[in-house]
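Trainee: Please go through this model with me, and set each label against its definition.

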Amino acid sequence: MSPRNAKRGRPETITGPGGQEFDVVGPARPIRLTKAPPIPAEAGRDLLVVKEGRIFVCSRFDGDIHQAAATGEGIYCDDARYLSEMRLTLGGKKPVLLSSAADLAYEAYFELTNPELKTDGDRLVPQMTLNIRRRRLISDRVYERIEIRNHGVVKARAELEIVLAADFADMFEIRGVRRRSSRGQALAPKHEEETLRFAYLGEDEIFRETIIEMDPDPRNLELDTDSAVATWEVNLKPGESQQLDLRFEPSASGERKRRRSFPAAESRVQAGVKNWNEACTRIGGLHRSFDRFVSASARDLRALLTPTENGSILAAGIPWFVVPFGRDSLLTCYEMMLLNTTPARDTLLYLAKHQ
C-alpha cells in the first residue's frame, strides 16, 4: 500500500518511497509535555545546541536527548523533530559528565566517565576508569562518534546501551500548541541491512523517515512500537579503546543524501566554513579580545544561515523556532553589511517571493 492511499480504511502496512514496508501502529499520539514551555522565555533547563544548514540538535550537556520534556530536545530538520530520544547508559548506569562544548557551532564534544560498575562475577570497575568521549558533527546528516577508552590497570567489561525514539512532532506541537486535528500515522520502527528506520506518514501526506546507521551493528536490538534499544559489549584491556559510529539522516519523501565517512563529512563542513570566512571582510588587529569577538560573531552568523530555494537566509530563534523572521532577518543583514552582503541579497529575494 502506498502512502497516498493509506488513509482509505485502516491499513496494516504502509510502503515507503524506498520500498520498505512498515507496520502501522495507528494514529500518532499527541505530544504530552511534562509542563507547558514558558513563552517567550527559555525552558528551565539549558540546552547545548549545534546547527548546520537545515539540521540542528538540542541536547543536554551530556549529549543525551530526553523525550516528552518541555525543553524541546531532539534532532530537527525543516520544522519537524526526527529524533526525540537518545539516552546512553554504560553498565546500566548513566555516565558522569566531565565537560562539554560546542565552540564551532556545527560540532560538539562531550567528555564523560563511568560511575562505579559491577560486571561479571561482581568484579568492580572503579569510577573514572573509562573515558567516554562523544563527538557530534552535523553535515548532510548528524554524525555521532562514541569512543570508550580503558585508563585502568585491569580488563574492563560493561554493556553499552542506547535508547532511541522518534515522534516526528512539528515545531508548534513541541512548543505547546494543541492540534485541532489528529496526527498522522505512526509506524513501527524497522531494522534491516544494518539500518534502523523510524517512519511516519503525516497529515500533509509526506512520508518522513529517520534513517540510522550503526557501525558496528549492535549485538542486540530490541524494537518496540515507537522506540528501539541497541546494546553493544564493551570489553577493553588496559589502554585499549573501542569506537562506535552512529549516523542519523532525516529524510522526506524518500530523499537520501550521499553517504560519507565521519572525516569526509567533517572536511565538507570545514570547506564551507573556509568559504564563508574568505567571503567576509577581515576585521581585526585592534586587540586580541576584540579579534576573538569578531571571529565568534562571524561564526555564529554563519550558523544561523539556513538554505532555501533563493539561497541561504538568516533564521532566528535557535533552538525554539529556526525559521525566517522577516524583520529580524532583515535587521541582522543590515547590521552585518560591512561583514558580508550576500545574506542581505538572499534574504530580500526570499522575502519578496513569500511576501
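**Strands, pockets and backbone**

Trainee: What makes strand 8 and strand 9 a pair?

Mentor: Strand 8 (residues 96-101) and strand 9 run antiparallel and are joined by 5 bridges. Two strands pair if DSSP finds at least two bridges between them, so the label applies. Strands here are DSSP runs of E with at least two residues, helices are runs of H or I with at least four, and both are numbered from the N terminus. The model is predicted: local features need pLDDT of at least 70, side-chain atom pairs need 80 or more, and totals for chains, interfaces and linings use all residues. Residues are numbered from 1 along each chain as its sequence is written, and side-chain values use heavy atoms, without hydrogens or water.

Trainee: Which residue stands opposite Ser100 in strand 9?

Mentor: Phe110 does. The hairpin of strand 8 and strand 9 has 5 residues between the strands, and Ala105 takes a positive phi near 75° there.

Trainee: How do you know that strand 9 is largely enclosed by the rest of the structure?

Mentor: Of the 7 residues of strand 9 (residues 107-113), 6 are buried, so the description holds. Buried means under 20% relative accessible area, exposed means over 50%, and partly exposed is in between (1.4 Å probe, protein chains only). Strand 9 is also joined to strand 12 (residues 130-138) by 7 bridges, again antiparallel. There, Glu107 has Leu137 in strand 12 as its bridge partner.

Trainee: Is Asp78 exposed or partly exposed, and which of the two is Glu193?

Mentor: Asp78 has a relative accessible area of 46%, so it is partly exposed. Glu193 has 75% and is therefore exposed. Asp78 lies in the loop between strand 5 (74-77) and strand 6 (80-83), with a positive phi of about 50° although it is not a glycine. Glu193 lies in the loop between strand 15 and strand 16, and its phi is also positive, near 50°.

Trainee: What makes the peptide bond of Asp215 and Pro216 cis?

Mentor: Its omega is about 5°. Pro216 lies in the loop between strand 17 (207-215) and strand 18 (220-223).

Trainee: How many residues line the largest pocket?

Mentor: There are 32, and Glu52, Gly53, Arg54, Arg268 and Pro307 lie nearest its centre. A pocket is an open set of points on a 1 Å grid where a 1.4 Å probe fits, with protein on both sides within 12 Å along at least five of seven lines; lining residues have an atom within 4 Å of a point. The volume of the largest pocket is about 760 Å³, counted as the space filled by probe spheres set on the points. Helix 2 supplies the largest share of this lining, 6 residues.

Trainee: Which residues lie nearest the centre of the second largest pocket?

Mentor: They are Arg29, Gln67, Asp167, Arg183 and Asp226, from a lining of 22 residues. This pocket holds about 470 Å³ of space.
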